[in-house]
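Hi there,

Here is the structure I promised to pass on to you.

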Amino acid sequence: MLECQAQTDLDYYIGKAKANSPLIIDNNNLSKVMQFEADRLRAFYTKPQIGITAGYIFAPIINLDNGKARFEGNAANADKYYGYDIASTNNGQYMAMLNISQPLFNGKKLKVATNQVNISSEISLNSAKISGHDIEKVVTDQYILCLQDFKQIDYVKAMLYLISEQKGIVTILVESSIYKRSDLTLLDIERRNFLLQISTLSSTYRRDLMDLNILCGINDTAIKVLKPTDLSVSLDASNSLFLKKYKLDSMNILAMKDNFELKYRPQLFAFANTGLNAVYAPTIPNRFGMNAGLSFTYNFYDGGQKEINRNKADVLLKSVSAYEENFKLQNNIRKNKALSEISSMNERIAISEQQLIDYENLLGLYKNEILTGQLSIVIYLSTLKSIATFQRDNTLLLSQKQLLINTYNYWNW
């Protein structure tokens, strides 16, 4: 038998599953990373680059002037010598400069570059929301399955109560010789059968509840009573995040195309440096200075790569459009199929519930007949078994209807 603790509702499990989902966490983190990348691009395209360049080159020679071989580190006027050509090395170089480079007129480039990053961020956020929606579907399905198990336990317990109640009455009537001892034995046998069913259903409920905990990342083995849930068909979504995915994919393709074409835009830099730049050690004190200027680049031909990339983007956009149209078609069929099945299920549930009402009325009549010994215990037990079967089937129908509504709501989003 189940020993249940406090009640827990569907929102609790969905909230836990979303909070513990590594896929949602990853997509949200990717969106944050894209924002950092946007900040980096802003610095790259608009902020000055400041750095220090320093170096020292030592290129000694063996001087043979005046008929004597001498090792010299700085010999600006040697004619005969061994070593690197003085004209190219000056025997060395002494350099320590502060450099500044500032990109100019990059507002358009920054807008194009950050646009792709922002779209990538939106794609990650949309993926996180779709993952959350997937979690809602899976967790709700499992929750409904657990409720189904628990309702079946309740129905069997109700049957067990009826048998126990009638057993007490029949015991008295057996002593009055209205019923036989075998009738009492039959009641005992069926009572044990119902106890076995409760034990089996309790194990099933415990297993399905643990599976629900696994889905939600809940480290808990306690048996909880789940609060009933009654799903209803949702209204048509005005802005489907499923369709938004295709829109973002198309925007991302166009943004990549624009980003590729950034290299065809003119680029202007202003630069300056100051510091030491000398090639002869004795003149170092006189070689501190500065310079400044502009750097311009413009790529006007690279074998037609721009046009090739545009053609590639057009083909990719056609693929995204084909996927989108196929999804719209299939999704419309899915939703209509679910609505049709829900309508059919409602008819079956109405018939099933009327049958249960009829059986309950019949049981009321049987109780009076048992009191007077007019009813066979075999007939009474057969009726109880039929009621248990109808209650089980009715529970399955109600659960299937909830699952169908959950499926419809998943796609109608």
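A salt bridge here is a side-chain nitrogen of Lys or Arg within 4 Å of a carboxyl oxygen of Asp or Glu. By this rule the count comes to 18 salt bridges.

Before the details, a word on the source. This is a predicted model, in which local features need pLDDT of at least 70 and side-chain atom pairs count only at pLDDT 80 or more, while totals for chains, interfaces and linings use all residues. Residues are numbered from 1 along each chain as its sequence is written, and side-chain values use heavy atoms, with hydrogens and water left out.

Back to the salt bridges. Lys-18 and Glu-136 join through their side chains, with N to O at 2.5 Å. This pair links distant parts of the chain, as Lys-18 belongs to helix α1 and Glu-136 to helix α4 (residues 107-175), 118 residues apart. Helices (H or I, at least four residues) and strands (E, at least two) are DSSP runs, numbered from the N terminus. For accessibility, buried means under 20% relative accessible area, exposed over 50%, and partly exposed in between (1.4 Å probe, protein chains only). Lys-18 has 29% relative accessibility and so counts as partly exposed, and Glu-136, at 28%, also counts as partly exposed.

Another salt bridge connects Glu-261 and Arg-310, whose closest N and O atoms are 2.6 Å apart. Here too distant parts of the chain are linked: Glu-261 lies in the loop between α6 (241-260) and β8 (267-278), and Arg-310 in helix α7 (residues 305-371), 49 residues apart. Glu-261 is buried at 12% relative accessibility, whereas Arg-310 is partly exposed at 32%.

Asp-220 is partly exposed, with a relative accessible area of 26%, but Lys-224 is buried at 14%.

Now for the helix packing. Helix α1 (residues 10-19) packs with helix α5 (residues 181-216) at an angle of about 40°, their axes 7 Å apart. Axes are lines fitted to C-alpha atoms, for helices over the stretch in contact, and angles run from 0 to 180 degrees between N-to-C directions. The two helices, α1 and α5, are therefore oblique to each other (angles under 35 degrees count as roughly parallel, over 145 as roughly antiparallel, 65 to 115 as roughly perpendicular and the rest as oblique). Tyr-13, Lys-16 and Ala-17 of α1 make the contact with Leu-209, Leu-212, Asn-213, Leu-215 and Cys-216 of α5, where contact means heavy atoms within 4.5 Å.

There is also an open sheet of 3 strands, in the order β4-β3-β5 with antiparallel pairing. Two strands pair if DSSP finds at least two bridges between them. β4 (70-72) and β5 (81-82) stand at the edges with a single partner strand each, so one side of each has no neighbour in the sheet. Strand β3 (residues 61-63) pairs with β4 over 3 bridges, and Ile-61 has Glu-72 in β4 as its bridge partner.

Finally, two backbone angles to look at. Phe-105, in the loop between β6 (92-104) and α4, has a positive phi near 55° and is not a glycine. Ser-177, in the loop between α4 and α5, likewise has a positive phi, of about 65°. Phe-105 counts as exposed at 75% relative accessibility, and Ser-177 counts as exposed at 63%.

Best wishes
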